[in-house]
Amino acid sequence: MFTLFANNWPTYLSGFGYTIAASVLALIASLILGTVFALLEVSESRALRGLASTYIEIFRNIPLLVVTMVFYLVIPMYVVKINGFTAGTIGLSLYTSAFIAETIRSGINAVRSGQMEGARSNGMTYIEAMRYVILPQAFRFSLPALGNQFVNLVKNSSVLSFVAGFDLMYQADSIAFSTYQVLPSYLIVGIFYLILTMPLSYYMKHLEKGGRKQDV
Amino acid sequence: MRKVTKALLVSLLALFMAGCGKPRGNEYHQIVKTKTITWGIKTDTRLFGLLSVKSGKEEGFELDLARAMTKQMLGPTGQAKFVQTTAKTKIPLLLSRSVDVVLATMTITSARQKIVAFTHPYFAAGQSILVKDSSPIKGIKSLNRRGIVVLAVKGTTAVDNMKKFAPKARVQEYDDYVQAFAALKSGQGDAMTTDNGILAGIASENRGYHLAGKTFTDEPYGMALNKHQPDLRNALNKSLAVLKQNGTYRRLVEKWFTGIKGFSVKEAEH
């Protein structure tokens with residue numbers, strides 16, 4: 001296993017780079033999109049609520065692979081040429097954003113309704129109340145669940161390997177089937193994913209603790 | 001708690017390692033005893049091994065050959081069992097003994113011979129390229145340019161060959177031929193490359209695509225089996241020789257490959 005890594009480390013590292021890039025981009029995009037759709041879901045307008053829940057239900061209920069394949073194979077035929085990395089990252093962002101929207105919505109719902117009423121009666125607009133009173137608390141409530149989503153996102157980024165996105169999994173496939181050392185190739189890739197997901201989990205735990213202290 | 005986890009991990013790993021090196025019995029005796037040969041076959045490759053959507057059955061040259069080989073080796077009561085493999089999974093499945101013999105468009109190479117054993121070749125393929133009819137690409141030489149993207153399938157010899165014949169081109173790898181061809185169709189690459197027989201199968205079903213240029217490698221297909229199984233290997237070679245002699249082999253080649261554009265039946269026979 002060590003010689004396998006010694007012989008192939010540049011390949012693994014380049015895959016690691018693509019996986020990190022895709023994960024970071026998708027994390028930012030899905031957090032923004034997810035928050036927007038969560039806000040739409042709790043808005044007072046029926047049309048906006050309908051729009052948000054349609055979006056969420058579509059991307060939450062279609063397998064990630066299908067979403068990615070559509071962006072990879074169908075969009076280039078009719079709209080614009082996008083490569084595997086871009087298609088994979090877009091698919092990953094949209095898919096995860098649906099779950100994040102649901103997570104944040106439940107966080108918003110967990111904030112007592114009196115808070116909104118209090119903020120509004122103190123002269124804040126709806127948007128101000130959301131921005132300064134409700135959302136900060138909602139994020140704190142959602143932290144554990146958000147942490148899960150982020151870890152899932154990193155692991156789901158392996159979908160890039162199906163569309164030639166050059167990520168960790170793609171490189172592992174390529175190493176495994178040129179050296180025929182299948183098990184070691186994937187064990188190494190597992191370790192790389194751990195290097196990404198473990199610190200993320202710990203950081204989320206750390207945030208949770210910090211969040212609780214402020215509450216008291 | 002930590003210690004327990006560690007101990008568990010270590011013992012799991014040990015189990016893995018032990019599993020890898022377990023001694024194998026004589027597979028030929030097993031096959032004769034159970035009267036069953038488990039063949040690793042393709043189900044995504046037209047003409048060779050394809051799962052027909054209409055009949056729900058596997059069909060193709062390699063399937064027919066596997067059935068004929070089974071009858072030849074075990075007599076009329078012999079059973080051929082089929083397990084689907086891909087370029088990615090065929091060697092792992094063989095090593096884990098999920099299949100006895102792999103008969104799945106597998107080129108005999110020296111790198112593979114270090115891991116598995118091969119029978120005599122049963123098909124003489126060669127690598128070629130498939131392009132859209134409107135493509136300016138005329139053959140392998142026009143692929144060796146920067147900016148050219150060539151689509152291939154993970155774990156095939158085509159990937160390594162591209163590094164040799166067109167090192168400037170970028171190779172993108174997919175899980176199977178269906179996905180690679182879908183990528184070609186949607187414009188994700190300039191050409192798709194693999195063995196001529198496989199490409200001919202795709203071209204015969206999809207208008208607007210053709211094989212560009214001649215084959216530029218020799219890719220003799222062999223049946224793969226586990227190493228250190230001389231009895232099984234001899235039995236397979238003997239049956240193949242008999243089928244070639246009594247005309248069965250020739251009949252199968254003609255059945256599947258006659259009339260395919262740009263494909264020579266004579267060249268394919270080994």
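In this predicted model, Val150(B) has Ala191(B) as its bridge partner in strand 11 of chain B. The two strands concerned, strand 9 (residues 149-153) and strand 11 (residues 191-195) of chain B, run parallel and are joined by two bridges.

Both strands belong to an open sheet of five strands in chain B, ordered 10-9-11-8-12. The pairing in this sheet is mixed. Strand 10 and strand 12 of chain B are the edge strands, each pairing on one side only. On average, neighbouring strands of the sheet are turned by 35° against each other, with direction ignored.

Helix 6 (residues 157-165) of chain B packs on this sheet. The direction of helix 6 makes about 150° with that of strand 9 of chain B. Strand 8, strand 9, strand 10 and strand 11 of chain B are touched by the helix.

The strands of the sheet have these bounds:

| Strand (chain B) | Residues |
|---|---|
| Strand 8 | 127-132 |
| Strand 9 | 149-153 |
| Strand 10 | 170-174 |
| Strand 11 | 191-195 |
| Strand 12 | 209-212 |

At the level of domains, chain B is divided into domain 1 (25-125 + 220-268) and domain 2 (127-212). The centres of domain 1 and domain 2 of chain B, taken over C-alpha atoms, are 25 Å apart. Their contact involves 17 residues from domain 1 of chain B and 20 residues from domain 2 of chain B. On the side of domain 1 of chain B that touches domain 2 of chain B, seven residues are nonpolar, six are polar and four are charged.

Methods: Residues numbered from 1 in each chain as written. Chains lettered and ligands numbered in written order. Predicted model: local features only at pLDDT ≥ 70, side-chain atom pairs only at ≥ 80, totals over all residues. Domains from an automatic or database assignment. Contact = placed C-beta atoms within 7 Å. Nonpolar A, V, L, I, M, F, W, Y, C, P; charged D, E, K, R; others polar. Pairing = 2+ DSSP bridges. Helix = DSSP H or I, 4+ residues; strand = E, 2+ residues; numbered from the N terminus. Axes fitted to C-alpha atoms, helices over the stretch in contact; angles between N-to-C directions.
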